Amino acid sequence: MTNSTLLTVTVLGTGTSSGVPLPCCNCRVCTSNDPRDKRLRSSVLLTITDNAGNLPAHNILIDTSPDLRQQALTHNIDNIDAVIYTHTHADHIFGIDDLRGFNFQRSGHIPIYCDFLSASELERMFPYIFSPATPAEGAPPPELEMNIIDREQTFSCCGLKVTPIPLIHGKLPVLGYRIGGFAYLTDCSEIPETSYTLLQGLDVLIIDGLRDRAHNTHFTQKQAVQVINRLLPKQAWLTHMSHEIMHAEANIRVAAIAKVPTELAYDGLKFTLELHR
Ligand SMILES: [Zn+2]
Ligand SMILES: [Zn+2]
Ligand SMILES: [Zn+2]
């Protein structure tokens, strides 16, 4: 029997920067009883096992949302082997201190991976973590090992081949990632032509679909479906959604215009793919 590798994706959060519900908002989505209308800030967990499901599994986190603590408790995440960052907007990084709990469970630093721009921003925003000249006062900071990746080059993380997918988020160059047949493209408003070639033959695509009204840094749900209809993955999910999107209703609208099975993602969504490597 061949020993293949399984990638399990757990969607930890599907909300835009504010999360849903918003404090002080009484709109019909913020007050909805549908659990799929509750959205923590966007992040996914990648768990790598062999086809027998044998431990130890490797856990890779994409982004450290401000809800990381709650996400880790909800999903019983007991180990983080690496973190990969898409970009450094607050909703994707401000859970960084919550990595401390995982430091206690392992020896050595947790490797983090990001491009040069994100590394510079992280070092500027968190000098107590990344600058040895800043002595720690009180609780020690998370122990992280910075790995700067080339935006154009596949890199290895926990034995996995990870391909950065250059994306445009308003005016900001950010990254999505592809691992085998899975791609995660949060926070984007444009996909460069050269990145389309990196996204052929996908099994599962998760892509930014903020809301229906136009936005200058995010795809609308219609624009996301246009990308999906061009890439034709076997299955697509929308993420990073605002409180203008009611799950049950938007799901029907999206399915009606998509050429492949397409749905809104929701917190706790989980699926497994086989990786050939
Ligand atoms: Zn975001
Ligand atoms: Zn609301
Ligand atoms: Zn962003």
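Two strands are taken as paired if DSSP finds at least two bridges between them. Helices (H or I, at least four residues) and strands (E, at least two) are DSSP runs numbered from the N terminus. The structure is a predicted model, in which local features need pLDDT of at least 70 and side-chain atom pairs count only at pLDDT 80 or more, whereas totals for chains, interfaces and linings use all residues. Residues are numbered from 1 along each chain as its sequence is written, and chains are lettered from A and ligands numbered from 1 in the order in which they are written.

Strand 5 (residues 110–114) is joined to strand 6 (residues 144–148) by five bridges, and the two run parallel. Within this pairing, Ile 112 has Met 146 of strand 6 as its bridge partner. Strand 5 also pairs with strand 4 (residues 82–84), again in the parallel sense, over two bridges. Here Ile 84 is bridged to Tyr 113 of strand 5.

A residue is classed as buried if 20 or more other C-beta atoms lie within 10 Å of its own, as exposed if 12 or fewer do, and as partly exposed in between, with C-beta atoms placed from the backbone. Apart from neighbours within four places in sequence, Ile 84 is in contact (C-beta atoms, placed from the backbone, within 7 Å) with Ile 60, Ile 62, Tyr 113, Cys 157, Val 162 and Tyr 177.

An open sheet of mixed pairing is formed by seven strands in the order 7-8-9-10-11-12-13. Strand 7 (155–157) and strand 13 (262–264) are its edge strands, each pairing on one side only. On average, neighbouring strands of this sheet are turned by 25° against each other, direction ignored; axes are lines fitted to C-alpha atoms, for helices over the stretch in contact, and angles run from 0 to 180 degrees between N-to-C directions. Strand 7 is joined to strand 8 (residues 160–169) by three bridges in the antiparallel sense, with Ser 156 opposite Lys 161 of strand 8.

Gln 235 lies in strand 12 (residues 235–239). This residue counts as partly exposed because it has 17 C-beta neighbours inside 10 Å. Not counting residues up to four places away in sequence, Gln 235 touches Asp 203, Val 204, Val 260 and Pro 261.

In helix 7 (residues 221–231), Gln 221, Ala 224, Val 225, Val 227 and Ile 228 are buried. These residues lie on the same side of helix 7, because they cover an arc of only 155° around the axis, the arc being that of the directions from the helix axis to the C-beta atoms. They pack against strand 11 (204–208), strand 12, helix 8 and strand 13. Leu 232, which follows helix 7, has a positive phi, near 50°.

Helix 8 (residues 247–257) lies across strand 12 and strand 13 and runs at about 160° to strand 13. Its buried residues are His 247, Ala 250 and Val 254. Seen down the axis of helix 8, these fall within an arc of 70° and therefore line one face of the helix. Their cover includes helix 7, strand 12 and strand 13. The face of helix 8 turned away from the buried side carries the exposed residues Ala 248, Glu 249, Ile 252 and Ala 256.

Terms used:
Two residues are in contact if their C-beta atoms, placed from the backbone, lie within 7 Å.
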